[in-house]
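Hello,

Please look through it before reading on.

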Amino acid sequence: MNPVTRRWALAALGGFLLLLPLVGSRYVVYLTIHILLLAVNAVGFNLLFGYTGLLSFGQAGFYAVGAYTCARILLAWPSLLPGLVGGTAAAAAAAFVLGYLSVRHTRIYFAMLTLAFGMMIFSLAWKWRAVTGGDDGLVGVPRAPLELLGWTVPLPTVERYYYVVLVVAVVAIALMYRLVHSPLGLALRAVRDSEVRAGHVGLNVRVLRLVAFTVAGAYAGLAGALLPPLENTVTPPIAHWTASAEPVLATLLGGIRHFAGPLVGAFLLVAVKDVIVRFTVHWSLVLGAVVVVLVLGFRGGVASALEALLVRAQARPRGVSAPAGEEAP
Amino acid sequence: MTELLVARGLRKRFGDLAAVDGLDLRVEEGGCTALIGPNGAGKTTALNLLSGHLSPDQGTITFRGEDITRLPPHARVQRGLSRSFQVMTIFPELTALENLLVPILARTGAVRSVLRPVHAFPEAEEEARRLLEDLGLSGAGEVPAGNLPHGDQRRLEMGIAVASRPRLCLLDEPSSGLNPLERAGLLHLIRQLSEQRGVTFVVVEHDMDVVFGLARWVVVMNRGRVLAEGTPEAIRASREVRETYLGEEV
Amino acid sequence: MEVLAYQGLIGLSSAMYLWLISAGLTIIFGVLGVLNFAHGSLFMLGAYLGYTLYGLAGFPFGLAVAASVGAVALLGAAVERGLLRPLYGLDPSYQLLLTFGLVLFLDDLAKLVWGGVFRIPPIPGWLQGAVVAFGRPFPHYNLFLMGVGLLVALGLWLAFDRTWWGRAVRATASDREMASALGIRTPAVFSSVFFLGSGLAALGGALSTPVRPVSPGVGAAMIVQAFIITVIGGLGNLRGAFVGSLLVGVLSSYGTLWFPEFELFFIFAIMAGVLLVRPQGLFAP
């Protein structure tokens with residue numbers, strides 16, 4: 001996609017998102033908030049998986065840390081920003097500590113470690129009544145007003161909260177875009193392509209992996225922190241390893257080799273799940289089948305398929321070398 | 001002549017096998033030293049120990065006066081010691097240009113940059129392009145390295161090691177899999193890089209043309225330690241060496 | 001003290017389910033290098049089929065178990081051939097993702113076909129009754145389970161140590177290319193290993209029908225415990241899996257008695273601990 005087309009497409013998308021509460025129903029706005037949350041979560045996950053080559057089955061743990069921390073803050077101090085910042089920071093800290101322990105291990109052991117850690121967080125959420133409310137969770141979490149620079153903006157409606165989420169999500173995604181196109185992003189891709197060679201060109205592989213893991217944890221935590229003001233409750237299932245599947249599936253669906261892949265995937269996952277659920281309660285079945293099909297046939301995900309279509313549509317003759325699209329990392 | 005690298009008493013076992021068994025090696029600055037020996041002599045293990053890929057059971061390695069025996073590979077690269085691999089170890093999904101950018105950015109510390117795009121480092125990109133040209137790969141900059149033909153990948157493999165601006169560069173069978181024409185080209189390239197960039201090379205090789213056309217000094221290994229060393233002519237004349245290589249071309 | 005010993009016995013017998021599922025998981029990993037997320041779902045399918053044949057259709061218990069094992073074993077081999085084999089050269093993450101997708105699919109499929117939780121059918125007549133152990137009744141069925149577990153352990157040991165097939169499998173596990181070069185038909189070995197592993201998981205599931213209610217969630221619960229056991233015992237280490245199963249079974253049993261609050265946490269903490277300190281497992285050579 002050439003830069004001019006891309007700019008128009010982004011502008012159109014931006015416009016649509018800004019006007020959504022005016023044209024869409026409350027339910028659509030609610031759903032879009034969930035898409036944005038998943039988009040932030042997934043884009044963080046893909047930094048770890050698509051760019052650094054590390055598969056984590058424990059992101060739900062950090063999501064939960066972000067959600068529970070924000071909820072507890074809001075229950076004591078009803079101001080939105082401290083909740084969001086606190087939740088993200090707590091998740092980042094947890095990811096740093098757990099990541100420090102995990103990154104020296106090879107990929108399969110790393111994946112299993114993330115699973116174990118995620119489930120440890122789940123069991124804490126479920127059993128530690130004093131802090132997390134146990135299996136009842138935390139209830140009555142207020143949608144606290146946004147207090148910034150002396151202004152207080154109350155958020156009584158979902159539509160108002162939607163704009164807050166939109167801004168936060170856009171900023172987070174833009175920052176991630178910057179990061180993956182920076183020298184650090186290039187270094188992460190080198191670590192993914194060849195851990196051995198990366199070490200032998202002067203890169204500290206462990207430190208780089210820890211950075212990626214911490215950032216991914218922070219993003220999961222941010223997504224989690226945005227949840228309590230929306231739902232007014234936080235319960236343990238959000239920390240279970242089956243919930244860790246969400247960002248994984250979204251990324252796989254959208255495409256791990258494109259920056260926009262997780263974003264496209266987040267939209268598809270939420271939208272498709274919403275549609276499927278109207279016809280059958282067995283959306284997991286469909287999702288599982290989709291994963292199998294994707295892994296076997298379309299490992300590039302939807303984004304790669306779309307790119308291939310665009311390439312053919314533009315039908316410009318290319319040289320012998322493989323096309324390295326601008327979007328491709 | 002400064003001593004760049006001194007290895008003393010290196011030993012490395014794999015189960016019952018002593019791959020490296022009391023290796024003493026001295027590399028002086030300048031030109032090219034060849035490391036030859038029959039299969040199983042321990043040459044690649046020696047390189048793995050020198051580059052930090054493996055840790056020795058015993059022995060020390062000193063580089064430019066500093067003890068680097070326990071340092072991980074990335075720390076050795078930062079001190080000016082790099083290597084290439086016999087089995088192709090490029091970054092396949094990165095473009096050829098990016099393959100060279102990574103070591104350059106790592107060297108200049110630019111990797112710490114999180115929010116500035118890669119394009120904001122024109123000096124690094126310029127340096128990478130110049131190296132691409134020296135490697136004869138100018139046209140292939142935007143090609144994913146995994147898609148390059150074998151000969152080009154071999155050059156890139158070496159180029160990545162050189163991009164770190166090492167004082168000492170270890171090459172593990174750089175000409176493996178190349179046809180005679182490509183091999184001659186590679187020889188020329190190593191010589192050129194050595195002269196222009198002041199890099200000292202240690203080259204593990206089986207191809208004797210490469211060895212005698214390139215090396216100032218030859219070290220012969222057998223059974224995990226040094227059998228003989230000397231000028232190419234002296235080694236060629238040595239009966240001991242010839243007996244070890246019975247059946248191999250000398 | 002008697003409570004301790006009795007609870008330990010209970011733990012040992014429930015460890016047999018864990019052993020059957022872990023044995024299959026660790027063999028598959030050791031030979032194919034695949035970490036099969038869906039192994040718990042195979043256990044669950046074995047349980048559902050066993051329940052359907054024995055509890056609903058009234059087939060004799062032995063026949064029901066055998067048929068369940070056979071069907072799921074065939075399914076496992078088919079999955080290996082059709083779905084996993086195309087992924088062998090690629091990044092192992094794809095294999096993990098595929099088996100993960102299978103978990104979603106199979107667990108929900110079970111919900112679709114069989115519905116929710118089921119009653120427990122009666123224990124077959126010839127296995128009813130109990131002995132007295134440490135002052136309490138210890139069911140014959142538990143003894144039966146322990147017997148089956150030991151037989152399986154013995155059988156696996158004999159198979160891998162004495163038979164031609166076992167040697168072919170061990171050769172393939174240690175060096176795939178060399179085994180192939182020696183004339184061993186590695187694709188057939190892979191399928192047979194998946195067949196065996198799936199069958200073992202299904203055996204565990206089918207044997208659980210007379211004592212535990214079958215539910216779609218049992219697969220997810222079992223796979224996590226099986227992971228923990230294979231980590232403790234060492235991935236691919238069969239002896240380690242056996243000892244690990246006994247350990248986890250007994251510890252869980254004590255855990256439910258004394259620390260019901262944090263049992264889950266401690267189990268995962270142990271798993272994480274082993275992975276951190278000795279990732280090759282506590283029983284690796």
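This is a predicted model: local features need pLDDT of at least 70, side-chain atom pairs count only at pLDDT 80 or more; totals for chains, interfaces and linings use all residues.

Residues are numbered from 1 along each chain as its sequence is written, and chains are lettered from A and ligands numbered from 1 in the order in which they are written.

Chains. Two pairs of chains touch, and chains A and B make the most contacts (two residues are in contact if their C-beta atoms, placed from the backbone, lie within 7 Å). Chain B puts 36 residues into this contact and chain A 23 residues. On the chain B side, helix H2 (73-78), strand E6 (81-83) and helix H3 (96-108) each supply at least two residues; helices (H or I, at least four residues) and strands (E, at least two) are DSSP runs, numbered from the N terminus. H3(B) gives the most, seven residues. Chains B and C do not touch, and their nearest C-alpha atoms are 12 Å apart.

Domains. Chain B splits into domain 1 (1-80 + 168-250) and domain 2 (88-164), with bounds from an automatic or database domain assignment. Over C-alpha atoms, the centres of these two domains of chain B are 25 Å apart. Twelve residues of domain 1 of chain B contact ten residues of domain 2 of chain B. On the domain 1 side, strand E7 (168-172) and helix H6 (180-197) of chain B each supply at least two residues, and H6(B) has the largest share, five residues.

Regards
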